[in-house]
Amino acid sequence: MKSQKDTPAVADAQATAAAILGWLAGEPELLSRFLALTGVAPGEVRNAVGDPGFLAGLVGFLMDHEPTLLAFSAATGVPPEAVVQAHAILSGPYGSEDF
C-alpha cells in the first residue's frame, strides 16, 4: 500500500509550502513575522524544511491572513485554492479522495 507521504497530492502540497517559503524569503517583514511566530531561528530554516510541521506552519501562516494569501497568489501565480488544499493535506489527517 502506498504511504500517504508518497502521493502526488502530498508532493503538490509540499511544493506549495516550498513556494511560500521562497516568496517569504523576498518579503523580509513577513518572513521575520513568520519566524517569530514559529520560534524558528533564521539559521534553522534549512533543517526545518524537512519537518512536516514546519511546512504546515508555512501554509497556515498564509491561511491566517487573507491579504497575505492573496499577495502570495498574485506574486507567484499559485491560486489560493492550491494553498487551501495544501493546508488541508499538511495540517490534518489526509486520506480523503477529495484531494
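Me: Let's start with valine 10. Which element does valine 10 lie in, and is valine 10 buried or exposed?

Reply: This is a predicted model, and in it valine 10 lies in helix 1. Buried means under 20% relative accessible area. Valine 10 has a relative accessible area of 8%, so it is buried.

Me: How far apart are valine 10 and alanine 86, in sequence and in space?

Reply: Along the sequence, 76 residues separate valine 10 from alanine 86. In space, the C-alpha to C-alpha distance is 7.7 Å. For the chain overall, take the contacts between residues at least 6 apart in sequence: 62% of them join residues at least 24 apart.

Me: Back up a bit. How many helices and strands does the chain have?

Reply: Six helices and zero strands. Reading from the N terminus, the order is α-α-α-α-α-α. Of the 99 residues, 33% count as buried.

Me: What can I say about threonine 16, and which residues does threonine 16 contact?

Reply: Threonine 16 is also placed in helix 1. Its relative accessibility is 10%, so threonine 16 counts as buried. Leave aside neighbours within four places in sequence, and its contacts are Phe72, Val78, Ala82, Val83 and Ala86.

Me: And threonine 68: where is it, and why does it count as buried?

Reply: Threonine 68 sits in helix 5, residues 66–76. It counts as buried because its relative accessibility is 7%. Not counting residues up to four places away in sequence, threonine 68 touches Trp23, Leu30, Phe61 and Leu62.

Me: Now helix packing. What describes two packed helices?

Reply: The general idea is an angle and a distance: the angle between the axes, and how far apart the axes are. Take helix 1 (residues 8–25) and helix 2 (residues 28–38): their axes come within 7 Å and cross at roughly 120°. An angle over 145 degrees would count as roughly antiparallel, and 65 to 115 as roughly perpendicular. Helix 1 and helix 2 are therefore oblique to each other.

Me: Which residues of helix 1 and helix 2 meet?

Reply: From helix 1 you have Trp23, Leu24 and Ala25, and they meet Pro28, Leu30, Leu31 and Phe34 of helix 2. By class, that contact has seven nonpolar residues, no polar ones and no charged ones.

Me: How do helix 4 and helix 6 pack?

Reply: Helix 4 (residues 52–63) and helix 6 (residues 80–91) have axes 9 Å apart, at an angle of about 140°. Helix 4 and helix 6 are therefore oblique to each other too, and their crossing is left-handed. On the helix 4 side the contact involves Leu55, Ala56, Val59, Gly60, Leu62 and Met63. Helix 6 brings Val83, Val84, Ala86, His87, Leu90 and Ser91. The classes here come to nine nonpolar, three polar and no charged residues.

How values were computed:
Residues are numbered from 1 along each chain as its sequence is written. This is a predicted model: local features need pLDDT of at least 70, side-chain atom pairs count only at pLDDT 80 or more; totals for chains, interfaces and linings use all residues. Side-chain values use heavy atoms; hydrogens and water are left out. Axes are lines fitted to C-alpha atoms, for helices over the stretch in contact, and angles run from 0 to 180 degrees between N-to-C directions. Helices (H or I, at least four residues) and strands (E, at least two) are DSSP runs, numbered from the N terminus. Angles under 35 degrees count as roughly parallel, over 145 as roughly antiparallel, 65 to 115 as roughly perpendicular and the rest as oblique. Contact means heavy atoms within 4.5 Å. Ala, Val, Leu, Ile, Met, Phe, Trp, Tyr, Cys and Pro count as nonpolar, Asp, Glu, Lys and Arg as charged, and the others, Gly among them, as polar. A crossing is left-handed if the near helix is turned anticlockwise from the far one by less than a right angle, and right-handed if clockwise. Buried means under 20% relative accessible area, exposed over 50%, partly exposed in between (1.4 Å probe, protein chains only).
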